[in-house]
Amino acid sequence: MTYNESIVSLPDLRYVEIHCPCGTKVTLDMEKPPSEFNKTHGNFTPKECPGCCKDYDSAIKPAVDGFQRAYRALLAVPKSVTFRGVSSASREGA
Ligand SMILES: [Zn+2]
């Protein structure tokens, strides 16, 4: 059995993209230090879509905020940790 594996290093995962049902995609830079506003409010993920001004699904913000916190913690040890991905094609056969 062959696996189509890919090793992803931390800097390659730098951006996270949020897709809204209206078609707007927002790309967030996880490496960027939080702005003063974001530090004060503990915000990384915007609350609402800039395209249609509707709130994102309430599950998105805590999940992406938590992921960014983990990402920034991992940046302290970037050479020690990599991510290993498996393509969706080979996952279907598993
Ligand atoms: Zn939208």
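**View 1. Lys32, a residue in a loop of a predicted model.** With 13 C-beta neighbours inside 10 Å, Lys32 counts as partly exposed. To read that label, you need its cut-offs: a residue is buried if 20 or more other C-beta atoms lie within 10 Å of its own, exposed if 12 or fewer, and partly exposed in between, with C-beta atoms placed from the backbone. Lys32 sits in the loop between β3 and α1. Its C-alpha atom is separated by 9.8 Å from that of Tyr15, which is 17 residues away along the chain. Do keep in mind that this is a predicted model, in which local features need pLDDT of at least 70 and side-chain atom pairs count only at pLDDT 80 or more, while totals for chains, interfaces and linings use all residues. Residues are numbered from 1 along each chain as its sequence is written.

**View 2. The chain from end to end.** Here you can find 3 helices and 4 strands. Helices (H or I, at least four residues) and strands (E, at least two) are DSSP runs, numbered from the N terminus. Follow the chain from the N terminus and the elements come in the order β-β-β-α-α-β-α. How many of the 94 residues of the chain count as buried, as a percentage? The figure is 1%. Look at contacts too, where two residues are in contact if their C-beta atoms, placed from the backbone, lie within 7 Å. Among contacts between residues at least 6 apart in sequence, 56% join residues at least 24 apart.

**View 3. Confidence along the chain.** The predictor's confidence in each residue is called pLDDT and goes from 0 to 100. For this chain the mean pLDDT is 83, and 82% of the residues reach 70 or more. Where in the chain is confidence lowest, and where is it highest? It is lowest in α1, with a mean of 64, and highest in strand β2 (residues 15-19), at 94.

View 4. Two strands pair if DSSP finds at least two bridges between them. β2 and β3 pair over 5 bridges, in the antiparallel sense. Is β2 largely in the open or largely buried? It lies largely in the open, because 0 of its 5 residues are buried. Strand β3 (residues 25-29) is hardly covered either, with a count of 0 buried residues among its 5.

**View 5. Strands β1 and β4 side by side.** Strand β1 (residues 5-9) and strand β4 (residues 82-86) run antiparallel, joined by 5 bridges. Within this pair, Ser6 stands opposite Gly85 in β4. Val86 belongs to strand β4. It is exposed, because it has 12 other C-beta atoms within 10 Å. Val86 and Asn4 are 82 residues apart in sequence, yet 5.9 Å apart in space, C-alpha to C-alpha.

View 6. Val81 lies in the loop between α2 and β4. It counts as exposed, because it has 12 C-beta neighbours inside 10 Å. Which residues does Val81 touch, not counting residues up to four places away in sequence? They are Leu10 and Leu74. Val8 is 73 residues away along the chain, and the C-alpha atoms of Val81 and Val8 are separated by 9.5 Å.

**View 7. Cys53 and its phi angle.** Cys53 lies in the loop between α1 (36-41) and α2 (60-74). Its phi is near 60°, a positive value in a residue other than glycine. Most residues other than glycine have a negative phi. Cys53 counts as exposed, because it has 8 C-beta neighbours inside 10 Å.

**View 8. Arg69 on helix α2.** Arg69 lies in helix α2. It is partly exposed, with 13 other C-beta atoms within 10 Å. Between Arg69 and Met30, 39 residues apart along the chain, the C-alpha separation is 8.6 Å.
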